[in-house]
Amino acid sequence: MKTPIRVAVTGAAGQIGYSLLFRIASGAMFGPDQPVILQLIEAPFEKALKALEGVAMELDDCAFPLLKGIVQTADPTVGFKGANWCLLVGAKPRGPGMERADLLKDNGKIFIEQGKVIDAVAAADARIAVVGNPANTNCMIAASQAKRLPPERFTAMVRLDQNRAQTQLAKKANVDLTEVKDIFIYGNHSPTMFPAYAHASIQGKLATRVITDLAWLQGPFLETVGKRGAAIIAARGASSAASAANALVDHVRSLVTPGAVHSVAVKSNGHYGFDANVWAGMPVRTTTAGSYEVITTYAMDDFAKSRLAATNKELVEERAFVADMIQ
Ligand code: NDP
């Protein structure tokens, strides 16, 4: 039996947490032979902590053979202690009439604290994955507080956008979705992100040879993927928590699987025109478990370049809103 790994999850009693924790405990994220200890972190409010108690009771009741312990806490120094993976799901939602700058600043405070604590108490091999929105900028903020852990350890999730794009291409081409490959997400996890359809393949052919309707690729396809979250809220009256949780399972699973090629928001080093020091979605190849290299060789046409510039502009603006907080 392998030694259990410690997986810290913030916002553990939230909607995404409710779908996510059971998948982690069942082995979907780290494999069927990897035991886990779940370190569940919630905001210090009675309602949230009471809800967390209920979630922990349900985890107990599943009798997962791989689940070797559950920590419940509102104290990040307890929750992140020794954590090998820190999944930052909790974030303050945008309230009615709230400006983007205020949302960024409110979340900035949370992610500054979490970045500091993770750097101080998490395991030496700690990896951090951010889901709480605005995920790219929250990730950048947390990473900015770390002195021990290098910035490459901090990633943000754009995998849900990749999964959505893959499915939309498969539906349009009328093929099984496993036959759609190499569709990668660039930029911000927001409606400005860009799924680079020109590099995708369908049944081994360039996607643009199979789907020749360029107006669809540049119009309804991008719009459907970019605004999918809002469409789901409009349809079910609640956010896309289950598919977000599933995407985080995919994000981490791919990051611990050498050879996997997938979309992750990582620190920019200037590739694809992204400003250095924003966290932007890009294609990566996992090298060894938990480590990756950015694939920098894709050529972009003028349309793609204009979309990359737009999503980069948004990331730079978000960073500017919080610049005074992270110095
Ligand atoms: P959810 O679990 O539904 O969402 C959590 C975060 O994930 C939000 O920021 C949400 O962004 C984001 N997200 C990213 N992608 C998606 C997606 N595709 N669909 C839905 N959400 C997505 O939120 P809840 O409000 O149910 O739960 C949040 C929990 O976090 C609460 O229990 C709260 O107490 C806790 N919390 C904990 C903190 C802490 O540990 N310090 C701090 C703040 C909150 P968006 O808002 O844009 O949907």
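Which residue in strand 13 is the bridge partner of Lys 267? The bridge partner is Trp 279.

This report describes a predicted model, in which local features need pLDDT of at least 70 and side-chain atom pairs count only at pLDDT 80 or more, whereas totals for chains, interfaces and linings use all residues. Residues are numbered from 1 along each chain as its sequence is written, and side-chain values use heavy atoms, with hydrogens and water left out.

**Domains and their interface**

The protein chain is divided into domain 1 (5-156) and domain 2 (159-321), the bounds coming from an automatic or database domain assignment. Domain 1 gives 31 residues to the contact and domain 2 gives 33 residues, where contact means heavy atoms within 4.5 Å. The C-alpha centres of the two domains lie 23 Å apart. Between them, domain 1 and domain 2 bury about 2,600 Å², of which 64% is on carbon and sulfur atoms; buried area is the accessible area (1.4 Å probe) that two parts lose on being put together, summed over both.

On the side of domain 1 that touches domain 2, the elements giving two or more residues include helix 1 (15-26), helix 4 (100-121) and helix 5 (135-144). Helices (H or I, at least four residues) and strands (E, at least two) are DSSP runs, numbered from the N terminus.

Across this interface the rule finds 12 residue pairs in polar contact, both residues being at pLDDT 80 or more. A polar contact is a pair of N or O atoms within 3.5 Å; within protein, one must be able to donate a hydrogen and the other to accept it, and residues adjacent in sequence count only if both atoms are side-chain atoms.

**Strand pairing**

Two strands pair if DSSP finds at least two bridges between them. Strand 12 (residues 261-267) and strand 13 (residues 279-286) run antiparallel and are joined by 7 bridges.

Elsewhere, 3 strands form an open sheet with antiparallel pairing, in the order 7-10-11. Its edge strands, strand 7 (180-181) and strand 11 (205-206), each pair on one side only. Strand 10 (residues 201-202) pairs with strand 11 over 2 bridges, and Ser 201 stands opposite Leu 206 in strand 11.

| Residue | Relative accessibility |
|---|---|
| Asn 163 | 16% |
| Arg 159 | 11% |
| Val 322 | 0% |

Asn 163 is in helix 6 (residues 159-173), and Arg 159 is in helix 6. Not counting residues up to four places away in sequence, Asn 163 touches Asn 246, Ala 247 and Asp 250. With the same exclusion, the residues that Arg 159 touches include Ala 247, Asp 250, His 251 and His 262. Arg 159 and Ala 207 are 48 residues apart in sequence, with 19 Å from C-alpha to C-alpha.

Val 322 is found in helix 11 (residues 302-322). Leaving out residues up to four places away in sequence, Val 322 touches Leu 104, Lys 105, Thr 137, Met 140 and Ile 141. The C-alpha atoms of Val 322 and Ala 101 are separated by 8.0 Å, although these residues are 221 residues apart along the chain.

Definitions and conventions. Buried means under 20% relative accessible area, exposed over 50%, partly exposed in between (1.4 Å probe, protein chains only).
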